[in-house]
Amino acid sequence: MRSIYKCVICGSYTEETAHCGVQTRLLLNGKLRSRLSHLMTYLLRHNPGAVNLSMDREGWVGIDELVNALRSRWDPKALSWLTKGACNSGGAARPKG
Ligand SMILES: [Zn+2]
């Protein structure tokens, strides 16, 4: 899966590394996105009412919103990889030099 980036100007989610003429911020790398996708598929398939998430018109949810929703329903320790991965992604997106 391709990585997800967020535009720092308009706030929209994209798979592109640039939006609105500036470099986007890495939100989820492909590996984490794939993992998250499986988790979401599980939720929607087995327990669609478990989390109350609001998606935008493209079907994206904010990582913070998702983590908070998941943490409200499941053991936070079981989801530590989620926030850790997101933090690592943010670090990786910082400009070099
Ligand atoms: Zn933009």
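Gly 30 is exposed because 12 C-beta neighbours lie inside 10 Å of it; a residue counts as exposed with 12 or fewer other C-beta atoms within 10 Å of its own, as buried with 20 or more, and as partly exposed in between, with C-beta atoms placed from the backbone. The model is predicted: local features need a pLDDT of at least 70, side-chain atom pairs count only at pLDDT 80 or more, and totals for chains, interfaces and linings use all residues. Residues are numbered from 1 along each chain as its sequence is written.

**Overall make-up**
- The protein has 3 helices and 5 strands; these are DSSP runs numbered from the N terminus, with at least four residues (H or I) for a helix and at least two (E) for a strand.
- Starting at the N terminus, the order of elements is β-β-β-β-β-α-α-α.
- Of the 97 residues in the protein, 15% are buried.
- Among contacts with a separation of 6 or more, 32% join residues 24 or more positions apart; two residues are in contact if their C-beta atoms, placed from the backbone, lie within 7 Å.

**Confidence**
- The average pLDDT of the protein is 71, and 47% of the residues score at least 70; pLDDT is the predictor's confidence in each residue, from 0 to 100.
- Residues 87-97 have a pLDDT below 50, and this stretch has 9 contacts in the model beyond near neighbours in sequence.
- Where pLDDT is low, the predicted coordinates should not be read in detail.

**The sheet**
- An open sheet is formed by 3 strands in the order E2-E1-E5, with antiparallel pairing; two strands pair if DSSP finds at least two bridges between them.
- Strand E2 (13-14) and strand E5 (25-28) are at the edges with a single partner strand each, so one side of each has no neighbour in the sheet.
- Strand E1 (residues 4-6) pairs with E2 in the antiparallel sense over 2 bridges.
- Across this pairing, Lys 6 stands opposite Tyr 13 in E2.

**The nonpolar core**
- The largest nonpolar core has 6 residues: Ile 4, Tyr 5, Leu 27, Leu 28, Leu 32 and Leu 36.
- Such a core is a set of buried Ala, Val, Leu, Ile, Met, Phe, Trp, Tyr and Cys residues joined through C-beta atoms within 7 Å.
- At least two residues of this core come from each of E1, E5 and helix H1 (30-46).

**Gly 30**
- Gly 30 is found in helix H1.
- Its C-alpha is 4.8 Å from that of Met 1, although Gly 30 and Met 1 are 29 residues apart in sequence.
- Apart from residues up to four places away in sequence, Gly 30 touches Met 1, Arg 2 and Ser 3.

**Two loop residues**
- Thr 17 lies in the loop between E2 and strand E3 (18-19), and Thr 17 is exposed, with 12 other C-beta atoms within 10 Å.
- Thr 17 and Ile 4 are 13 residues apart along the chain, and their C-alpha atoms are separated by 8.8 Å.
- Beyond its neighbours within four places in sequence, Thr 17 is in contact with Tyr 5, Gln 23 and Thr 24.
- Cys 20 lies in the loop between E3 and strand E4 (22-23), and Cys 20 counts as exposed because it has 12 C-beta neighbours inside 10 Å.
- Cys 20 is not a glycine, yet it has a positive phi of about 55°.
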